[in-house]
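Subject: Structure handover

Hello,

Here is the structure for you to look at. My notes follow below it.

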Amino acid sequence: MIRRWLFADQLGPHFLDAPRQPVLLIESKAVFRRRAFHRQKAHLVLSALRHRAAELGDQAIFLRTDTYGEALRKVSGEPLDVCHPTSRRAREFVQSLDGVTMLPPRGFATPPAEFVAWADERHGRLRMEDFYRDARRRHDVLMDGDAPAGGKWNLDTENRQPPPASGVEVPDPPMPVEDEIDEGVRADLDRWEREGIRFVGNDGPRVFPATRREALARLRHFVAHRLPAFGPYEDAMLSGDPWMAHSLLSAPMNLGLIDPLDAVHRAEAAYRSGAAPLSSVEGFVRQLIGWRDYIWHLYWYFDADYGGANGLRATRRVPAWFSALDADAVEAHCLSDVLAGVRDRGWVHHIPRLMVLGNYALQRGWRPADLVDWFHRSFVDGYEWVMTANVVGMSQYADLGAMTTKPYAAGGAYINRMSDYCRGCRYDPRSRLGVNACPYTAGYWAFLDRNRGRLRGNARLGQAMRQLDRIDDLPAVRAQERSRGDEAP
Ligand SMILES: Cc1cc2nc3c(=O)[nH]c(=O)nc-3n(C[C@H](O)[C@H](O)[C@H](O)COP(=O)(O)OP(=O)(O)OC[C@H]3O[C@@H](n4cnc5c(N)ncnc54)[C@H](O)[C@@H]3O)c2cc1C
Ligand code: SF4
């Protein structure tokens, strides 16, 4: 049987054709020299790779080299195959090699040809909701015959609740127990740092699964104990509870340790058995065969230069305090807490990413490409394929609406409604002018004002634009935000 070369994000059994298939695994140090990743991300990836090598034993050749090329030269002569890699750069590299066959991608629900057929039919009008409904039908998930289970495709209205005052009462997710492999990784990373390789963020006990066993434990626990509360509070934020009822599965999913359809089937089984409500199960299924797959396919479907899109002409560099994850420099409670979460764990959930971090960058006009790089390096689950559409399209509206109908820009009122942050903040979410002016509220109006020309035709912003026209202190707000500049708020 031909030897299967597995990239470090292809570690689950579904990347092999048979349990005893010979394997090649490569750990390349050069990757870490190219850019400063979060220390916990580097730890997770190396730990996962080394754990997989240990599991496979003599079934795998495991090479630790500086570059992939160096490793491949050591096994030259033996034919290899490899599942389609997850970045354009890696795909080009694989295509340039003799004796390596590239297979179709795995680890996603919808095959590429089905996505392309779906997208081509729409002549550029791509909407996640349409793709998701189509995927539900094709995979026969949460369907009763031809109709969606419960009669509705979308239960977002039930799922957008503010956080409950008493907090979300679910048991914490099971945390991995570090072993001697983690110890070895930590010692190597310490040594690499002494040699000059730079990381960002704090080191800490490993929070995310590095093995299939750990990943399955987290998935089973989530479906049994946390999924019922997932839906209602998936958009809410609480300062003392970073996890809430989220699954914390993106990192092991992106390492290839869990097949998303397996997670979807388990969630559906919980609904069918009455163990979890439809709103939560639908919300979770939507994330996996909807959003995750959609983002993956858009990465390949859009041209390679989509990653450099900058339709709003945002030209400011990401400031040093943000790129260094210096949460202590920030007074705005929401941003400080979220940035501290990235610094300490390399993870915050979807809404802090979109409505606190991304929203702030959008309002300030930071360069989308800088932000892509920042998210990619700073998050434990960050990979190029998942950055491009999430950051360029959804968060920064740099494609001027190729994937969303309006920019995800919002003032402090949204953050106040969906979190407990504003109560402990020195700013006032209702105020746009003066010493207590909330940087999000003032920043929202300054953003709309700066982009009037580009956003004027957007029907979904019509009401906001009319409100903007009625703001009599707009020149003062404009001047205030200009002078706030790129200082930490
Ligand atoms: C600006 C921005 C940057 C993001 N960067 C990443 C990233 O680097 N890596 C990443 O995996 N996700 C990213 N996301 C999507 C999403 O925020 C994370 O997948 C999610 O927060 C991970 O936590 P969780 O596993 O608890 O997810 P849950 O809330 O429990 O959701 C379940 C699963 O759905 C999938 N999912 C949901 N939404 C998305 C999405 N938009 N794109 C891809 N997968 C999705 C993930 O696999 C996730 O594990 C980003 C979103 C935004 C707005
Ligand atoms: S007042 Fe503004 S800055 Fe402070 S927590 Fe609320 S939204 Fe964030």
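Helices α15 and α16 cross in a right-handed way (right-handed if the near helix is turned clockwise from the far one by less than a right angle, left-handed if anticlockwise). Helices here are DSSP runs of H or I with at least four residues, strands are E runs of at least two, and both are numbered from the N terminus.

This is a predicted model, in which local features need pLDDT of at least 70, side-chain atom pairs count only at pLDDT 80 or more, and totals for chains, interfaces and linings use all residues. Residues are numbered from 1 along each chain as its sequence is written, chains are lettered from A and ligands numbered from 1 in the order written, and side-chain values use heavy atoms, without hydrogens and water.

The α15 and α16 axes come within 9 Å and cross at roughly 135°. Axes are lines fitted to C-alpha atoms over the stretch in contact, with angles from 0 to 180 degrees between N-to-C directions.

Helices α14 (350-364) and α18 (439-450) have axes 8 Å apart and pack at about 45°. They are therefore oblique too. Their crossing is left-handed.

Best wishes

Definitions and conventions
Parallel < 35°, antiparallel > 145°, perpendicular 65-115°, else oblique.
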